[in-house]
Amino acid sequence: TPTVATTTTTTARPSSPATAAPVYVPPPSNNHAVLAGEMMKTAMSFLEKGNFQDALSSVNNSIHTMLSQGDASTVRGETNFCVAYKVSLGLLIAIREIETQLNKSQSNNPDLLKKMGILSKFLSDIPLKANHRVVCVRMAITKNMHPSVGNYGVAARLLEALLLKGVPDREALQAKLRTCKECDVQDKSLPSYVCVSCSQPCSAALLKCSCGRPVRWCFKSFELIQTIEYLQCGFCNAILSKESAADKSKCTFCDYG
């Protein structure tokens, strides 16, 4: 059941790009988990083909199937894995919708480009499977380095994380990092954010304030949470702003907590 939280001790946050995602391995003795695992494989296939809506439907089916068995506590880790993909697919769908608007208007609307920058930044912080996360990180680098966006601090952090891996285009990434440094690794288009714990300005590019409080964003509206209160599912750790939670009695992501 989602609960109102005001402290930093119980909330989950998107991990840094270097953090690996948990591996989805359903217990072989649990028929529900095996079926849910097959649904997630289908979701991965749809995702890699760019069929985000179909992938989202498969993820939802997987979550429902897992949690329809007797003891939900045995599949909590797998549910969290699925919820990460559910949030990511929501972001990918939102980004694609903006791209469609830009293509139809044949313009570089700066507000839409900036929105894509922050959405892709959120996406890059979610712990997915390594191959999917690399794609998301690369997307975020490209969209945040767009001249109309200019979030060179965001791009530099992601580039540095990629360069720690054995990527084939190392020289090209190093050139992009030099561009970020030439622009003083400044972020020009991030929303303003004041830490609700210490009341000090904090960059929305960071995962936490210097005082230690995580910078949280709503998994539904994809907006920064600017208040001290927020809702967090006690089962899958999904985070919602109070404004986005229409029904506080049930989590809209796992439909269980």
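User: In this predicted model, what are lysine 121 and aspartate 125 called, buried or exposed?
Analyst: Lysine 121 is buried, and aspartate 125 is buried as well. The term requires a relative accessible area under 20%.

User: What makes lysine 121 and aspartate 125 a salt bridge?
Analyst: Their closest N and O atoms are 2.7 Å apart. The cut-off is 4 Å, so the pair counts as a salt bridge. Lys121 and Asp125 also belong to a network of salt bridges with Arg157.

User: Why is glutamate 38 called partly exposed, and why is lysine 41 called exposed?
Analyst: Glutamate 38 has a relative accessible area of 42%, which lies between the limits of 20% and 50%, so the label is partly exposed. Lysine 41 has 55%; exposed means over 50%, so that label applies. The two side chains meet in a salt bridge at 3.4 Å, N to O, and both residues lie in helix H1, three residues apart.

User: How do you know that lysine 115 forms a salt bridge with glutamate 223?
Analyst: The closest N and O atoms are 3.0 Å apart, and the limit is 4 Å, so the pair qualifies. This pair links distant parts of the chain, with lysine 115 in helix H4 and glutamate 223 in the loop between H7 and strand E2, 108 residues apart. Lysine 115, at 28% relative accessible area, is partly exposed, and glutamate 223, at 41%, is partly exposed.

User: How many salt bridges are found in the whole structure?
Analyst: The search finds seven.

Definitions and conventions:
Residues are numbered from 1 along each chain as its sequence is written. This is a predicted model: local features need pLDDT of at least 70, side-chain atom pairs count only at pLDDT 80 or more; totals for chains, interfaces and linings use all residues. Side-chain values use heavy atoms; hydrogens and water are left out. Helices (H or I, at least four residues) and strands (E, at least two) are DSSP runs, numbered from the N terminus. Buried means under 20% relative accessible area, exposed over 50%, partly exposed in between (1.4 Å probe, protein chains only).
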